[in-house]
Amino acid sequence: MAPPTEVDVIIVGGGAAGCVVAGRLAKADPTLTIAIIEAGQNNLDFPTSIQPAMYLSHIAPGSTTANFYTSKGNDQTENRAHVVPCGGMLGGGSSINFLMYTRGSASDYDDWNTEGWAFDDLLPLARKVETNHLPNQTPKVHGSTGPLNVTYGGHQSELSREFITATASCYDVPYSDDINDFKTGHGISPWGKWIHPTSGRRQDTAHGFVHPIMKTQTNLHLLVEQKTIRVIFDENKRATGVEYCANPLAKVAINPDQPPTVGTIHTMKARKLVVVSSGAFGTPLILERSGVGAADRLEKLDIPVVADVPGVGKEYQDHQLTLATYKVADDADTFDDYLRGNEEVHKKVGAQWLKDGSGPVASNGIDACMKCRPTEAELAEMGPAFGKVWKDYFVDKPDKPVMFGGILGAFLGDHSLLPPGRYCMLAGYLEYPMSKGYLHINSKDPFAAPDFDAGYLSDEADMAPQVWMYKVLREIGRRMPSSRGEMAAIHPKFAEDSPARCRDKTKDDPTTGLVDYVYSDADNKAIEQWMRENVGTTWHSMATCPMKPRAEGGVVDARLNVYGTTGLKLAGKSFHSARPSNPQLTPFIDTDLSICPSNVGSNTYSVALTVGEKAAMIIGEDLGIAV
């Protein structure tokens, strides 16, 4: 069937939030015609998407289900080119992420200081989207009737239990079954997952909001593998439609020697509204190609200026992640054999998942997490740069963690680079980095790589908490009975005579009664150097089109209207870019958010769902529809 040439509402980007918006609106008013234009392929029953354990395949070399953006390097990270992946199929990041269930803090939303977007405004929407099956949760903040399910998955590793027990023995962080209650800023818990309790399938927004509607209604149209070039405006600066073309990269990895080109250009008209929901990467690039952005930048590219909005792409934010690898016992419960592609293991666990949705395929191997705030003694060692941030940002907001820590029950990189064995990785990421970057187009070509700087570690305040968390996680790791020591080659390069040097362990080495390592200045410098060489994305990109006053660099108002235009709103999802032929592995995939005015202490899928629900409600109100 030919796609429509005119609908009531066009949603540019079928990512996490875009699917929520489309599904809610279509269900609320079956007479409202809606079209989703998505650059990636359809995710309907896509095997590697619906099977949770296959998440790493999406960021493997040659992947066509993720998009990859390459940031320029900087001195603070040894001039490395950081590769940041984002969702490249229907459902966006929700279709390929690491499935972790985490939520931000109540104060995160209050910090946005935007009418209608405070925590009390958003809590009902955060509850609306989920059915939470985890034990001992706080009922007033969790949902029980939403379309997306939260469980512990079909398998929980013994390593995660060791991690929680070891943490209790050496670090003062309380255990809780619910650290996602919007108020806990310091606690440890088993890690929930966006996985169905009986089918063991991933809980993405396309399967939760779009596919069910399309089975029973005819008002929701889906165009996949189509790249949006720009939004079309009339002489009154009202958005009236979009231009798009076929996306040759939807199912084929990019060939640098044969870059993609724009083919036949199609136009679709919107009778009522255009909603750009293409995430922290796609949204600002589409806006700039459409003539919305900093006037001087657009004029240099010979793009007619529709609205001079300098805040477009001016600020890029991300969480900053490091992963340290540890050897574990040969009989430890890890995902290593599965990730190595062991055929016997795949056959066994695959049959179990097909039978009843249980077992390792219904998991991600990431089963314990903690939110952390430093003690006064630790703060004293972290220096004045972070001390000022603590005083200004954290001290009066105990619901905000400084760092997030967790255990991954496998080595998530290329196993050919390591000796045979079993491994785990201890991950730490900075929740509210001060470092910021930017993102802009380089040309009118929708397939051209953008001018992108992730800005990692560009603010000196971000180094101290990263160093602190490495030390905390290392003390936990050495107290786990299954630990066999650090994989020294990919840890900081401590001096051979340093008391803090990396060591192998045996099963007979004690795990209790240990004295914490004492680090010299040289040791600390070694850790800092390791951070520069290893810190990277957590794929929690956001804030490239922030919701705040225009004079403060904002791009949209509280009703999601783009400044200087009419008939155009942002909702912040999906991602469209060129793909490299050999992308760098980057774990902790989650969903981008372009409209967030400041960072959120969370894996961002939960935030994207809430934004999607709020956007659907706002759009419904504007159209006179009860959503």
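A disulfide is a pair of cysteine sulfur atoms within 2.5 Å.

The model shown is predicted: local features need pLDDT of at least 70, side-chain atom pairs count only at pLDDT 80 or more, and totals for chains, interfaces and linings use all residues. Residues are numbered from 1 along each chain as its sequence is written, and side-chain values use heavy atoms, with hydrogens and water left out.

View A. The whole structure contains 0 disulfides. For cysteine 86, the closest cysteine sulfur belongs to cysteine 545 and lies 14 Å away, too far for a bond. Cysteine 86 is buried, at 0% relative accessible area. (Buried means under 20% relative accessible area, exposed over 50%, and partly exposed in between, with a 1.4 Å probe and protein chains only.) Cysteine 596 also has cysteine 545 as the closest cysteine by sulfur position; the distance is 11 Å, again too far for a bond. Its relative accessibility is 0%, so cysteine 596 counts as buried.

**View B. Salt bridge between glutamate 225 and lysine 251**. Side chains of opposite charge can pair when their charged atoms come close. The criterion here is a side-chain nitrogen of Lys or Arg within 4 Å of a carboxyl oxygen of Asp or Glu. By that rule the structure holds 26 salt bridges. In the pair shown, the closest N and O atoms of glutamate 225 and lysine 251 are 3.4 Å apart. Glutamate 225 sits in the loop between strand 8 (220-223) and strand 9 (226-233), and lysine 251 in the loop between strand 10 (239-246) and strand 11 (266-276), so the bridge ties together parts 26 residues apart in sequence. (Helices, H or I of at least four residues, and strands, E of at least two, are DSSP runs numbered from the N terminus.) Glutamate 225 is partly exposed at 24%. Lysine 251 is exposed at 53%.

**View C. Salt bridge between aspartate 504 and lysine 327**. The N to O distance is 2.4 Å. The partners come from distant parts of the chain, 177 residues apart: aspartate 504 from the loop between strand 20 (483-486) and helix 14, lysine 327 from strand 14 (residues 320-328). Aspartate 504 is exposed, with a relative accessible area of 56%. Lysine 327 is partly exposed, at 21%.

**View D. Salt bridge between glutamate 486 and arginine 474**. N and O are 2.7 Å apart. Glutamate 486 belongs to strand 20 and arginine 474 to helix 13, and 12 residues separate them. Both glutamate 486 and arginine 474 are buried.

**View E. Helix 13, enclosed by the rest of the structure**. Buried residues make up 16 of the 16 in helix 13, so the helix is largely enclosed. At 1.5 Å a residue, its 16 residues should span 22 Å, and the end C-alpha atoms are 23 Å apart, which agrees. (The expected span is 1.5 Å times one less than the number of residues.)

**View F. The second largest pocket.** A pocket is an open set of points on a 1 Å grid over the protein atoms alone, with protein on both sides within 12 Å along at least five of seven lines; a cavity is a set where a 1.4 Å probe fits but cannot get out; lining residues have an atom within 4 Å of a point. Grid points are joined across faces, edges and corners, and a volume is the space filled by probe spheres set on the points. This pocket holds about 760 Å³. Its lining has 28 residues, with Glu381, Val467, Trp468, Lys471 and Asn524 closest to the centre. Helix 11 (376-381), helix 12 (383-394), helix 13 (463-478) and helix 14 (521-534) each give two or more residues. Helix 13 supplies the largest share, 7 residues. By class the lining has 16 nonpolar, 3 polar and 9 charged residues. (Ala, Val, Leu, Ile, Met, Phe, Trp, Tyr, Cys and Pro count as nonpolar; Asp, Glu, Lys and Arg as charged; the others, Gly among them, as polar.)

**View G. The largest cavity.** There are 6 cavities of 30 Å³ or more. The largest has a volume of about 90 Å³. It is lined by 13 residues; Arg103, Ala126, Phe182, Ser606 and Thr610 are the closest to its centre. Helix 15 (residues 605-623) gives the most, 4 residues. The lining divides into 8 nonpolar, 3 polar and 2 charged residues.

**View H. The second largest cavity.** Its volume is about 70 Å³. Lining residues include Thr322, Met403, Gln466, Tyr470 and Trp530. Strand 14, strand 17 (422-430), helix 13 and helix 14 each contribute two or more. Helix 13 gives the most, with 4. The lining has 9 nonpolar, 3 polar and no charged residues.
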